[in-house]
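Please read the following account with the sequence and the coordinates open side by side.

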Amino acid sequence: MIANKMMDIEKIDKSRIDQVEWDNLGFGKVFADHMVVVEYHNGQWETPKVRPYGPMHFSPAISALHYGQAIFEGLKAFKNDDGEVFVFRPEKNAIRFNKSAERMCMPPLPDGLFVDSIRQLVEMDHEWIPKGEGESLYIRPHMFAIDEYVGVRPSESYLFVIFTCPVNRYYTGEVKVKIEPKYTRAAKGGTGHAKAAGNYGAALWPTKTAQDDGYNAILWTDAQTHEYLEESGTMNVIFRSGNKIFTPELSDSILDGVTRDSVLQLAKDWGFEVEERKISVFELIDLLREGKLDEAFGAGTAATIAPIRTILYQGVEYHLTDTTTWPFTNKISPYFDRLKRGVEADSHQWNFRIL
Ligand code: COI
């Protein structure tokens, strides 16, 4: 645990909160007052600092910029009408962060640093947590390599930084996805299961191509055969057919999503048959043709629960039914909103209370 006295805190002189257009938050363009910065040098993490949010100064030669030694996480803080503040399942993100660090040859964070830094930052900037439906304070912990060195090797120094942004949902409305038959997001043995910055950079070109054609995101297929579904854009993907909830099984090319895990647990609690397994494109298309794909949605921290109404494959668009009639999606989405605000019984003890 990091007690406050072990944090070096410099507060802003004047908050920027009055300048925020609260009706136009979007996602990821408004930044709260403070950030956490922790330096790693000579094999040790130094005292965490809280600083006013703002630009940082680096050499253009830092390794992260050239060789992509950079990882991140995404979490959200919620506030209810009584002013209570919660973060959803931060321990799970802390574990995944260290797994990503290991895969990218970066030092793990010591126990408590991830969660206690979030606690400190969210407590200080809790006025920035919006309370509207779908709104939250998005928390972005990340780590990157800062050795000023152009040779290719793991860096010896790093920064762990956290900033926060008041946000709305990442996707507004129904999502249209394109099943990708050519490009890949992650290969077997690669870094797809890690939240490595480069995974997202590599996805930009095919995603832009799909977006130019009117789709929000790609539904990725496996790198070897393009036959099996993986994940979609910035989220995992989950389907319902009758009483079955099914999703691609985890592998080294799929991110172990916190929202994915929470959805599957709740589906089990509610009596659905939950399957984590390989799902072929052909199985999905057959279900769509037969009208047996009842629901499809993306699940992610930023995306929350994003209903997928349209799926494109090899030039043919398949449409699901009107999303307002989907019982699972329309139950779980508001359930999560209530749960994360602490106004639904937290039977799995997922909420981490800050205030
Ligand atoms: C999240 O859901 O938190 C993510 O990291 C997705 C992000 C790339 C927007």
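The domain bounds used here come from an automatic or database domain assignment. On that basis the protein, which is a predicted model, is divided into domain 1 (4-167) and domain 2 (175-340). The C-alpha centres of domain 1 and domain 2 lie 27 Å apart, and the contact between them takes 21 residues from domain 1 and 22 residues from domain 2.

In soluble globular proteins, nonpolar side chains tend to be buried together. Here the largest nonpolar core has 55 residues, and those with the most contacts inside it are Phe 114, Met 143 and Phe 160. At least two residues of this core are supplied by each of β2 (34-41), β5 (70-72), β6 (75-79), β7 (85-88), α2 (90-103), α3 (113-124), β8 (136-145) and β9 (158-167), and the largest share, eight residues, comes from β9. Both domains take part, since the core draws at least three residues from each of domain 1 (4-167) and domain 2 (175-340). Phe 160 gives a view of the packing: leaving aside its neighbours within four places in sequence, Phe 160 is in contact with residues including Val 36, Val 37, Val 38, Leu 109, Leu 113, Pro 141 and His 142. Apart from this core lies another, of 27 residues, among them Ile 279, Val 281, Leu 288 and Tyr 318.

In one of them, the rings of Trp 22 and Trp 128 have their centres 6.3 Å apart and their planes at 55°, so the pair is tilted. This pair links distant parts of the chain, with Trp 22 in the loop between β1 (8-9) and β2 and Trp 128 in the loop between α3 and β8, 106 residues apart. Trp 22 has a relative accessible area of 30% and is therefore partly exposed, whereas Trp 128, at 2% relative accessibility, counts as buried. The rings of Phe 31 and Phe 163 have planes at 75° and centres 5.5 Å apart, so that pair is edge-to-face. The two residues of this pair are also from distant parts of the chain, 132 residues apart, Phe 31 in the loop between β1 and β2 and Phe 163 in strand β9. With a relative accessibility of 22%, Phe 31 counts as partly exposed. Elsewhere, Tyr 40, Trp 45, Phe 97, Phe 114, Tyr 158 and Phe 160 form one aromatic cluster.

Rings also meet charged groups. Lys 176 lies over the face of Tyr 215, at 5.1 Å from the ring centre, and the charged end of Lys 331 sits over the ring of Trp 270, 4.0 Å from its centre.

At 1.5 Å a residue, the 14 residues of α2 should span 20 Å, which agrees with the 20 Å between its end C-alpha atoms. In α2, the buried residues are Pro 90, Asn 93, Ala 94, Arg 96, Phe 97, Ser 100 and Ala 101. An α-helix has 3.6 residues a turn, so residues three or four places apart point the same way. Ser 100, at 1% relative accessibility, counts as buried, and it touches Ile 71, Ala 194 and Lys 195, not counting residues up to four places away in sequence. Just after α2, Cys 105 takes a positive phi of about 65°. For helix α5 (residues 258-269), the twelve residues should span 16 Å at 1.5 Å a residue, and its end C-alpha atoms are 17 Å apart, which agrees. The buried residues of α5 include Val 258, Arg 260, Val 263 and Leu 264, and just after α5, Gly 271 takes a positive phi of about 90°.

Most residues other than glycine have a negative phi. Asn 42, in the loop between β2 and β3 (44-45), has a positive phi near 50°, and His 226, in the loop between β11 (217-221) and β12 (229-232), has a positive phi of about 55°. Are these two residues buried or exposed? Asn 42 is exposed, with a relative accessible area of 76%, while His 226 is buried, with a relative accessible area of 18%.

Notes. Residues numbered from 1 in each chain as written. Predicted model: local features only at pLDDT ≥ 70, side-chain atom pairs only at ≥ 80, totals over all residues. Heavy atoms only, no water. Core = buried A, V, L, I, M, F, W, Y, C linked by side-chain atoms within 4.5 Å. Buried < 20%, exposed > 50% of the residue type's maximum accessible area, 1.4 Å probe, protein only. Helix = DSSP H or I, 4+ residues; strand = E, 2+ residues; numbered from the N terminus. Contact = heavy atoms within 4.5 Å. Phe/Tyr/Trp six-rings, centres within 6.5 Å; stacked < 30°, edge-to-face > 60°. Lys NZ or Arg CZ within 6 Å of the ring centre and 35° of its normal. Expected span 1.5 Å × (residues − 1).
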